Amino acid sequence: MTGTAALTDAPYLLEQDEGQMFHFLNHLATVKVQGGPGHALSVVEFVGPKGFGPPLHRHRDEDELFVILEGEIVFRSDDLEIVGHPGAHAFLPHGQAHQFQILSETARFTCVTGSLTGSPRFDQMVSTIGDPISSPSLPTPGPIDPAYVAQVNDQFGIDILGPPPAPLD
């Protein structure tokens, strides 16, 4: 099977730019593997512009593994600050506050989530906040409602703890 991410127990393959696509918080998110009953992980690929980064947050039950495909991204957790380049993998365990920020003009990266308590729900949070699109494109940047983002994230086991990273010079 190729084409669109599905909640299935059958093997499938998705090429670049295939999957369920969303304009999500001013960048492109593509769900590659859906979490759900009986599934131990979810996979979402992101493409974002320089300076993009989520607010400081903590996943209550889900570990995250980031794989950088293109570009340069800084990851921050407590006093740790590490920069990853294409081919790098960054592990961010549940329960630890973290954020990241794109340093290059754009970056493409994959986020794999696994849950301690059941099926991961990160992909569901992305599809709840995001606007579905039919072809890959970066959205025109627009305002983001932090109260709505915090409310939806809370429903999916993510605590928003602070603002997004400061703009880059």
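Let me start with a term: on a 1 Å grid over the protein atoms alone, a cavity is a set of points where a 1.4 Å probe fits but cannot get out. Its volume is the space filled by probe spheres set on the points, which are joined across faces, edges and corners.

What you see is a predicted model, where local features need pLDDT of at least 70, side-chain atom pairs count only at pLDDT 80 or more, and totals for chains, interfaces and linings use all residues. Residues are numbered from 1 along each chain as its sequence is written, and side-chain values use heavy atoms, with hydrogens and water left out.

Now the cavity. Searching the whole structure at 30 Å³ or more turns up one.

Who lines it? Lining residues have an atom within 4 Å of a point. Two or more of them come from each of strand E4 (57–59), strand E5 (62–70), helix H1 (122–129), helix H2 (146–155) and strand E12 (158–160). Helices (H or I, at least four residues) and strands (E, at least two) are DSSP runs, numbered from the N terminus.The lining has 14 nonpolar residues, four polar and one charged. Nonpolar is Ala, Val, Leu, Ile, Met, Phe, Trp, Tyr, Cys and Pro; charged is Asp, Glu, Lys and Arg; the others, Gly among them, are polar.

Last, a backbone point. Asp78 is not a glycine, yet its phi is positive, near 55°. Asp78 sits in the loop between strand E6 (73–77) and strand E7 (80–84). Asp78 counts as exposed because its relative accessibility is 68%, and exposed means over 50% (1.4 Å probe, protein chains only).

Key:
1 Å grid on protein atoms, 1.4 Å probe; cavity = no way out; pocket = protein on both sides within 12 Å on 5 of 7 lines; lining within 4 Å. Buried < 20%, exposed > 50% of the residue type's maximum accessible area, 1.4 Å probe, protein only.
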